[in-house]
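Look at the sequence and the model below. The report that follows goes through some charged side chains, a helix and a surface patch.

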Amino acid sequence: MARDDAGAAGTIVMSFVLGAITGAAVALLMAPATGEEMRRKLGDKAREGRERAGDAARQGREFVNRQRDTFSSAVERGREAYNQARGGAGTPPPESGESL
């Protein structure tokens, strides 16, 4: 008995091609958005993320500036208190290497 494998191979190839075409058709029909719409959405999200990052950076800079101002004020008040305690209000501390 001779086997005819050529017909079986053709059937397998035809099944593969039909499956690929069917899969592509289903993917196109079930896709939530077109490529152009998806690129637009991604661009919008990227811009929104950039704006949020910019806002966060601005708020961070403002916070650092406020803290620096607060620290500077505290240091200045500390110097004034030190000078008053030494009895020389308004004169700078001696530069002889003494530490606070």
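This is a predicted model: local features need pLDDT of at least 70, side-chain atom pairs count only at pLDDT 80 or more; totals for chains, interfaces and linings use all residues.

About one helical turn separates Arg 47 from Asp 44, because they are three residues apart in helix α2. Asp 44 also meets the side chain of Arg 40 in a salt bridge, at 3.6 Å from N to O. Arg 40 and Asp 44 are four residues apart in helix α2, again about one turn.

Arg 47, with a relative accessible area of 40%, is partly exposed, and so is Asp 44 at 33% relative accessibility.

## Another pair in the helix

The whole structure holds four salt bridges. One of them joins Glu 62 to Arg 58, with the closest N and O atoms 3.2 Å apart. Glu 62 and Arg 58 lie four residues apart in helix α2, so about one helical turn separates them. Glu 62 is partly exposed at 35% relative accessibility, and Arg 58 is partly exposed at 35%.

An α-helix has 3.6 residues a turn, so residues three or four places apart point the same way.

## The helix and its end

Helix α2 covers residues 35-86, which is 52 residues. From first C-alpha to last, α2 reaches 76 Å, close to the 76 Å expected at 1.5 Å a residue. Gly 87 follows α2 and has a positive phi, near 90°.

## A nonpolar patch

Val 13, Phe 16, Val 17 and Ile 21 make a nonpolar surface patch of about 410 Å². Val 13 is found in helix α1, residues 5-30.

Technical notes. Residues are numbered from 1 along each chain as its sequence is written. Side-chain values use heavy atoms; hydrogens and water are left out. Patches are made of residues with over 30% relative accessible area and no salt bridge: like charges are joined within 9 Å, nonpolar side chains (Val, Leu, Ile, Met, Phe, Trp, Tyr) within 5 Å. Accessible areas come from the Shrake-Rupley method with a 1.4 Å probe; for residues, only the protein chains shown count as cover. Helices (H or I, at least four residues) and strands (E, at least two) are DSSP runs, numbered from the N terminus. The expected span of a helix is 1.5 Å times one less than its number of residues. Buried means under 20% relative accessible area, exposed over 50%, partly exposed in between (1.4 Å probe, protein chains only).
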